[in-house]
Amino acid sequence: MEDATMSKRVAGTALTRRQFAKLAAGGAAAMAFGSLFGCTPQQAAATEARETKECDVLVLGGGGAGVTAAGHAAEAGAKTVLVEKMAWLAGSSSLAIGTFYGAGTQLQKAAGVEDDPSGLLDYFLSRGGDKLDYDVQEFCAEHFGETIDWLAGELGVPFKETVSKKGTDPVPRAHNCANNAMDALRAVTQFAQEKGVEFHFGTAAESLVTDEAGAVVGVLARRGSGELVQYRAKSIVVATGGFCRNEGMIDEYCPDYSGVYTEVGVGCTGEGLQMGLDIGADYVGHGGTNGILACPVEPGQSKLISSKALWITSAGERFANEGGQTHDIYYDVAHFDDQKFFAVYDQAMVDALDDGLRSKLEFGLEQGMFAQGQTVAEAAEALGIDGARAQEALDAYNALAAAGEDAQFKKKADNLVPLVKAPYYVLTMGVCTHGSFGGYRVNTQFQVLDAAGQPIPNLYSAGEVCCGTFIYDDYPAGGCGLNWSYTSGRFAGANAAGAALG
């Protein structure tokens with residue numbers, strides 16, 4: 001990965017160390033070529049393309065944001081092409097649980113929840129939105145509910161009847177897909193296909209092409225065969241996801257989370273963001289990431305991360321309400337020196353596991369990630385944890401459980417179960433990122449802005465690649481990121497089509 005400390009910024013344009021070296025050495029020839037003929041290096045490279053394709057709207061990225069943008073652009077009458085570098089729809093939205101956050105929805109009304117966008121706006125502002133563009137916060141509050149109604153109504157996405165609470169929000173606003181986020185992605189993909197969107201898989205965008213006035217007029221992309229192809233479009237929507245799989249960008253933009261394991265889509269390597277920075281797009285972000293708690297023997301939200309267990313640090317101390325908000329605990333653990341925590345089980349908890357979870361527990365024991373002992377101290381010491389402190393933490397926890405009230409961290413009584421049956425097990429746990437909070441600065445038209453706050457002509461964005469405009473540093477509530485992707489996709493696609501056809 002690139003050394004983030006070597007990145008260069010010249011006149012609002014971000015250059016990676018590799019790009020800087022290219023320009024300083026062999027890349028100078030391309031600059032000379034451009035200056036001789038009055039075109040940019042990207043335009044010069046475009047002469048190498050073996051094929052040129054034209055469309056009204058070009059969308060980069062095949063996740064929820066990109067597919068939604070493409071579908072809405074095509075619905076508006078624009079000839080639309082979606083380019084995805086992987087061989088499938090590989091955005092992080094394909095891996096998400098499937099929660100959409102919003103207010104004033106038909107699902108809320110059916111569940112007896114009285115709500116409106118003004119209350120959601122207040123919540124967004126209380127969770128860091130007050131430090132960002134107010135118009136964007138208001139836009140999201142007003143339109144997130146519409147997106148949910150569109151998905152559930154027009155597209156027939158199945159949602160659970162229960163609308164749940166997330167984050168610190170006292171109002172139930174989390175709308176949960178019946179299965180997972182693929183429920184929504186499948187539906188918008190069918191929508192886009194029915195509207196006539198062309199899907200070009202296995203094609204990786206490499207750079208944006210601009211004209212002499214700085215307007216974006218196309219994209220250079222490379223197919224899996226190595227062939228360079230030029231796309232010419234009247235509007236371009238960048239929906240390439242975040243950059244959690246780019247260690248250099250994490251080091252530069254989110255240094256507090258350097259080294260944290262990630263489970264985002266394999267395509268989230270940041271080049272879509274870098275392409276815009278290279279032509280002067282403004283970056284907005286405050287170092288935050290989205291993340292969950294992780295178990296080394298199972299990806300995603302493992303059920304071995306049980307709220308009925310006792311959780312301790314490597315020093316053997318209890319540190320949180322084990323049934324608390326996952327994202328808040330993630331931020332705590334991510335800032336531990338070792339980025340780990342440990343779950344204490346007793347034999348009764350192990351006996352209650354199903355066969356699948358029991359096999360994963362046994363695998364963890366075999367690999368030395370988990371440990372077993374007749375006392376919690378013995379098991380803890382096998383993992384390098386202070387056994388005496390772990391025993392003290394368990395004794396104090398059991399006393400709280402016996403009293404029926406967690407005076408330390410306010411854990412709900414249903415989860416406050418005594419751990420008294422030997423042997424004891426200590427399971428190593430950690431954290432992983434599920435998204436980056438930072439990217440292009442956009443307005444409520446989802447136009448990409450430059451450092452002066454002016455729209456870069458013909459360039460739009462949607463999804464995680466521009467979510468720093470909406471999310472400050474900590475996640476407001478589960479489902480905000482997914483709805484940002486689909487809502488920004490709706491409007492970016494429609495606005496890009498309107499500009500292209502207008």
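Select E75 first: its relative accessibility is 37%, so E75 counts as partly exposed (buried means under 20% relative accessible area, exposed over 50%, partly exposed in between, with a 1.4 Å probe and protein chains only). The model is predicted: local features need pLDDT of at least 70, side-chain atom pairs count only at pLDDT 80 or more, and totals for chains, interfaces and linings use all residues. Residues are numbered from 1 along each chain as its sequence is written, and side-chain values use heavy atoms, with hydrogens and water left out.

**Stop 1: salt bridges**

K195 and E75 form a salt bridge, with the closest N and O atoms 3.7 Å apart (a side-chain nitrogen of Lys or Arg within 4 Å of a carboxyl oxygen of Asp or Glu). K195 sits in the loop between helix 8 (182–194) and strand 8 (198–201), and E75 in helix 4 (residues 64–75), so the pair ties together parts 120 residues apart in sequence. Helices (H or I, at least four residues) and strands (E, at least two) are DSSP runs, numbered from the N terminus. K195 is partly exposed, at 36% relative accessible area.

Next, select R490 and E146. Their salt bridge has its closest N and O atoms 3.5 Å apart. R490 is in helix 16 and E146 in helix 7 (residues 134–154), 344 residues apart. Which of them is buried? R490 is, at 13% relative accessibility. E146 is partly exposed, at 37%.

Move to D282 and R441. Their side chains meet in a salt bridge at 2.8 Å, N to O. D282 lies in the loop between helix 10 (271–278) and strand 12 (283–294), and R441 in the loop between strand 16 (424–440) and strand 17 (447–449), so this pair ties together parts 159 residues apart in sequence. D282 is buried at 17% relative accessibility, while R441 is partly exposed at 32%.

Then show E51, K53, R223 and E227. Salt bridges link these four in a network. The whole structure has 18 salt bridges.

**Stop 2: strand 4**

Select residues 80–84. Five of the five residues of strand 4 are buried, so the strand is largely enclosed by the rest of the structure. T80, L82 and E84 cover one side, V81 and V83 the other.

Look at the neighbours. Strand 3 (residues 51–60) pairs with strand 4 in the parallel sense over four bridges (strands pair if DSSP finds at least two bridges between them). L58 has V81 as its bridge partner. Strand 8 also pairs with strand 4 in the parallel sense, over four bridges. Here V83 stands opposite H200.

**Stop 3: strand 7**

Select residues 174–177. A174 and N176 point one way, H175 and C177 the other, and all are buried. Strand 5 (residues 99–101) runs antiparallel to strand 7, joined by three bridges. Strand 6 (residues 159–164) is also antiparallel to strand 7, again with three bridges. Click H175: F100 has H175 as its bridge partner, and so does V163.

**Stop 4: the core**

How many residues are in the largest nonpolar core? There are 141, and L58, L60, I236, L304, Y345 and W484 have the most contacts inside it. A nonpolar core is a set of buried Ala, Val, Leu, Ile, Met, Phe, Trp, Tyr and Cys residues joined through side-chain atoms within 4.5 Å. Helix 16 (residues 480–501) gives the largest share, nine residues.

Finish on L60. Its contacts (heavy atoms within 4.5 Å) include V83, I236 and M275, not counting residues up to four places away in sequence.
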